[in-house]
There are 2 protein chains.
Amino acid sequence: MVRIKDIAIEANVSEGTVDRVLHNRGGVSKKTEEKIKKILERRNFSINPVASALAMKNNHNLAVLIPEYNKTDSFWKLPYLGLLKGSEEVKNIGVNVTYFKFNQYSPESYVETFNNLIKTKPKAVVLVPMFIKETHLIVRELKKTETAYVFLNVDIEGVEGSVYVGQDSYMSGYIAGKLMKLSLPDGSGCGILKTSTSTGDNQAIAKRIQGFKDYYEGSPIESVLYELKVQSFGDRMNLASSVHQFLEEFPSIKGLFVPSSRISAVVDVLSEEQKKYLKLIGFDNTPENVACLKNNTVLFLISQKPFDQGYEAVRIVSNYLVKNKVLNDKLYLPIDILTKENVDYNDATQRMFENDLKQ
Amino acid sequence: MVRIKDIAIEANVSEGTVDRVLHNRGGVSKKTEEKIKKILERRNFSINPVASALAMKNNHNLAVLIPEYNKTDSFWKLPYLGLLKGSEEVKNIGVNVTYFKFNQYSPESYVETFNNLIKTKPKAVVLVPMFIKETHLIVRELKKTETAYVFLNVDIEGVEGSVYVGQDSYMSGYIAGKLMKLSLPDGSGCGILKTSTSTGDNQAIAKRIQGFKDYYEGSPIESVLYELKVQSFGDRMNLASSVHQFLEEFPSIKGLFVPSSRISAVVDVLSEEQKKYLKLIGFDNTPENVACLKNNTVLFLISQKPFDQGYEAVRIVSNYLVKNKVLNDKLYLPIDILTKENVDYNDATQRMFENDLKQ
DNA sequence: TATAAAAACGTGTGCGCACACTATTTTTTG
DNA sequence: CAAAAAATAGTGTGCGCACACGTTTTTATA
């Protein structure tokens, strides 16, 4: 391992001079600069990143604003775990991550938590922009304080210069459409189950439906789509009667598309007979949904890779802080197609990390 | 950031004592040990890996033994890029990676390159065990010198205590079977195209075929599989005549499964008519194959995630060297289902890295 | 030529930790 | 109870680099 010191000795100068050359600090005569550069080249020198990181006392602080999770509503657990894993890694390069959690149903909680966050004067922020109006206020504040920020999982349109890490919702719906059409015999009908109330201002579900429909319309083979608007996936009785009535009314339906993460609730109200002949496609690798994959009631799940979203978000922001790598405006994560057979492999990373945590 | 010094001050002891507790060096009284441990816990202390790496003068050297690649046969480029990306990251924790490339068609080259490698006395080795017999010799040498090792991409059975990073070939074939059956009308036939000469002693392709067949046999709906053994995917004329004869002989065939990475060669010899009615499923996201996905001639590709394989291999070995994390025996990477629509998203990481390299 | 100003270069300290070495306290033994 | 031995605790140095500051050399100015 060649050190700065070695270069300095060979060039008959001090370490400081080599340092100045390495960092283009100026104050070195043309002649010695050339001499040093040649030696650097010849000895194939590269800065020891470990020592460099230590000396620079990199203490970038990064704040995360994310919905809290609990047993009944565990969606935000996986992004959180991914963020944690990312945080652990970027410690190596001197980045410190702090978490601020808000109630995903309350805009007030969102804003209040952000106010607490901004008091800590972070260098950058990763946030889930659940509410459009409030997010515009927040972004204004972030710009004023020149704090870098990245949207996680939820994208808000019309925010200039914003960076997004998450899924391309439209395309994921489009792919769901392709898989559905592939799985159904020609001429079959297909139902789309949506809910009237959707959390926050998130428009992901609408985009998925749009993608799904667009694939169907663009496809050469004729087939019909039917839509059912259910009140809530939480109300089991109500859901059951709606779905059964829907399926009776349109007996050509051989497939159901559930563009939210609640397809397991739908499975829950189907008869054994219906589970057999219906092809089901849904979203998100929640434990309940994965169970449905495994018992063959659900054919495909499209995964948002929530764990990876958190992980990548922390990493790209850290690389921006530490290495000045540019923040691209969109980082679309892979659109994972999950089946009974591959789901365990595709979840392996996050499972390994969870196991590590327990120890 | 809590430092050892902070802990020492709070516990009213010296840094040396805290150090002894942290590393179980002994020589600390029960009482102070308990006191310090409590404080460590409460302050949520963790060793600063950067400073630690520097102080330990961590110069773990890691050697990689991998086939070389060129324009015509670029498969090994992606694992290599993944290894490079991993190498860059683990620099931060004091791991130095060196590459040794061999000719994938020559066992002699394999062994000779290894001999050069082992002279550098690496602490651990990542290798692609292309040849069974030679690998046994290599493993014996590695065990003798107590060098940790990890198999990349290719798994050799019957090597005790070996660690593998790659795909579960059987399951990937199984999933291909599922997708194929889903895509074909009931009662259609399906062809499997294999080659008689396969590189090295790699049995991945055989396992994929086995998985594919097993799905077909386990599936309730009746359908027939036909196999065609072609001489070589490189010989275009020969391939063309074999395939055409095959398809004429078995007109019920509506789908082709190509368990190697050369499905683009098959597309190349099909007529426009055949491209229309045949459903094609193959392996690996080579540029040629991806092009076939995009022009709708290939329906699905199963990706081995070669880039990720390299990346993960370097990381797990480094974590073993630096943090003493155990090496699990198998690290099966996600089985990615690629379609025209999602392929760009799923390749994004490696593309980003390639762009970074060019700058 | 003397002197100030600017350019070029050298020196020293600290980042947080690992580890060897030295100093102190406690326990054992005759 | 004193001396020796053992257990426990403190101190100091260096890892390779970044950066502030001090020193010497060169160039510009009167």
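Predicted model: local features only at pLDDT ≥ 70, side-chain atom pairs only at ≥ 80, totals over all residues.
**View 1. The protein surroundings of DNA strand C.** Here we meet the 24 residues that surround DNA strand C. The closest are Ser14(A) and Ser29(A) from chain A, and Ile4(B), His23(B) and Arg25(B) from chain B. By type, the residues of this surface divide into ten nonpolar, nine polar and five charged. Which parts of DNA strand C lie within 4 Å of the protein? Of those atoms, 69% belong to sugar or phosphate, and the rest belong to bases.

**View 2. Chain B at the phosphates of DNA strand C.** A backbone N or O atom of Ile4(B) lies 2.7 Å from a phosphate oxygen of the DNA strand. Arg3(B) has a polar side-chain atom 3.4 Å from a phosphate oxygen, and for Asp19(B) a polar side-chain atom lies 3.5 Å from one. The elements that give two or more residues to the surface near DNA strand C are helix 2 (15–22) and helix 4 (49–56) of chain A, along with helix 4 (49–55) of chain B.

**View 3. An open sheet in chain A.** Follow the six strands in the order 7-6-8-9-10-12, and you will find mixed pairing. Strand 7 (224–230) and strand 12 (336–338) stand at the edges with a single partner strand each, so one side of each has no neighbour in the sheet. On average, neighbouring strands are turned by 20 degrees against each other, direction ignored.

**View 4. Strands 6 and 8 of chain A.** Strand 6 (residues 189–195) and strand 8 (residues 253–257) run parallel and are joined by four bridges. Look for Gly191(A), which stands opposite Leu256(A) in strand 8.

Methods. Residues numbered from 1 in each chain as written. Chains lettered and ligands numbered in written order. Heavy atoms only, no water. Pairing = 2+ DSSP bridges. Axes fitted to C-alpha atoms, helices over the stretch in contact; angles between N-to-C directions. Near = heavy atom within 4 Å. Polar contact = N/O pair within 3.5 Å; in protein donor to acceptor, adjacent residues only side chain to side chain. Nonpolar A, V, L, I, M, F, W, Y, C, P; charged D, E, K, R; others polar.
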